[in-house]
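Thanks, everyone. I'll take one chain today and walk through it quickly. Please have a look at it first.

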Amino acid sequence: MDHSPGFLRLVNEAKKHVHEVTVAEARALMQKDPTVVLLDVREESEWVAGHAEGAQYLGKGILERDLEKRFPDPNTEIIMYCGGGYRSALTCEAAQKMGYRRVHSLIGGYRALVAAGWPIVKG
């Protein structure tokens, strides 16, 4: 997918401030601590088309509005993913600005999950 230069500048700046994890690292974090949240931040239509088994949904468009309602403890460990790891870097940065310190952006996003054989749920 071609991304606009302005979008890429935003993402690259965000990536300087957020922690990124690979699928293997995400799997290890979740196995070590079952309270770790895997959070899909894509559009609802993307979620319905297919999402990672065990994931919760909170789209990027409403993340700042609803994050504290869904996860009131700012110490909640959250791994965010989007389609390819760009939007999740932006949502992680926003969450950090809101006081969340244990947030991670999944490198490669949903496409990396699929490539790694992560179970996918439709609907």
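Start with helix α5. It is mostly covered: nine of its eleven residues are buried. Two terms before I go on. Buried means under 20% relative accessible area, exposed means over 50%, and partly exposed is in between, with a 1.4 Å probe and protein chains only. Helices are DSSP runs of H or I with at least four residues, strands are runs of E with at least two, and both are numbered from the N terminus.

A word on the source. This is a predicted model, where local features need pLDDT of at least 70, side-chain atom pairs count only at pLDDT 80 or more, and totals for chains, interfaces and linings use all residues. Residues are numbered from 1 along each chain as its sequence is written, and side-chain values use heavy atoms, with hydrogens and water left out.

Back to α5. Which of its residues are buried? They are S88, A89, L90, T91, C92, E93, A94, A95 and Q96. What covers them? The cover includes α1 (5–15), β1 (19–21), α4 (63–70), β5 (78–81) and β6.

E93 sits in α5, which spans residues 87–97. E93 is buried, yet has no salt bridge. By salt bridge I mean a side-chain nitrogen of Lys or Arg within 4 Å of a carboxyl oxygen of Asp or Glu. The nearest side chain of opposite charge is K97, 4.5 Å away. For charges, Lys and Arg count as positive, Asp and Glu as negative; His and the chain ends are not counted. What does E93 contact, leaving aside neighbours within four places in sequence? The contacts are E13, A14, H17 and V18. Contact means heavy atoms within 4.5 Å.

E13 has a partner of its own. E13 forms a salt bridge with K16, with the closest N and O atoms 3.1 Å apart. E13 is partly exposed, at 39% relative accessible area. K16 is exposed, at 63%.

R87 forms a salt bridge with E46, and the closest N and O atoms are 2.9 Å apart. R87 lies in α5 and E46 in helix α3 (residues 44–49), so this pair ties together parts that are 41 residues apart in sequence. E46 is partly exposed, with a relative accessible area of 24%.

After the helix comes G99, whose phi is positive, near 110°. Then Y100, in the loop between α5 and β6 (103–106). Is Y100 buried or exposed? Buried, with a relative accessible area of 1%. Its contacts, beyond neighbours within four places in sequence, are L67, E68, F71, P72, D73, P74, I78 and A95.

On to α4, one of the elements covering α5. E64 is found in α4. E64 counts as partly exposed, at 41% relative accessibility. Not counting residues up to four places away in sequence, E64 touches A94 and M98.

An α-helix has 3.6 residues a turn, so residues three or four places apart point the same way. K69 counts as exposed at 64% relative accessibility, while D66 counts as buried at 14%. R65 joins D66 and K69 in a network of salt bridges. The structure holds seven salt bridges.

Last, the whole chain. It has six helices and seven strands. From the N terminus the order is α-β-α-β-α-β-β-α-β-α-β-α-β. Of the 123 residues, 42% count as buried. Among contacts with a separation of 6 or more, 70% are between residues 24 or more positions apart. The C-alpha atoms fill a box of roughly 35 × 35 × 25 Å along the principal axes. There are 16 positive and 16 negative side chains, and the centres of the two sets lie 2 Å apart.

Technical notes
Charge placed at Lys NZ, Arg CZ, Asp CG, Glu CD.
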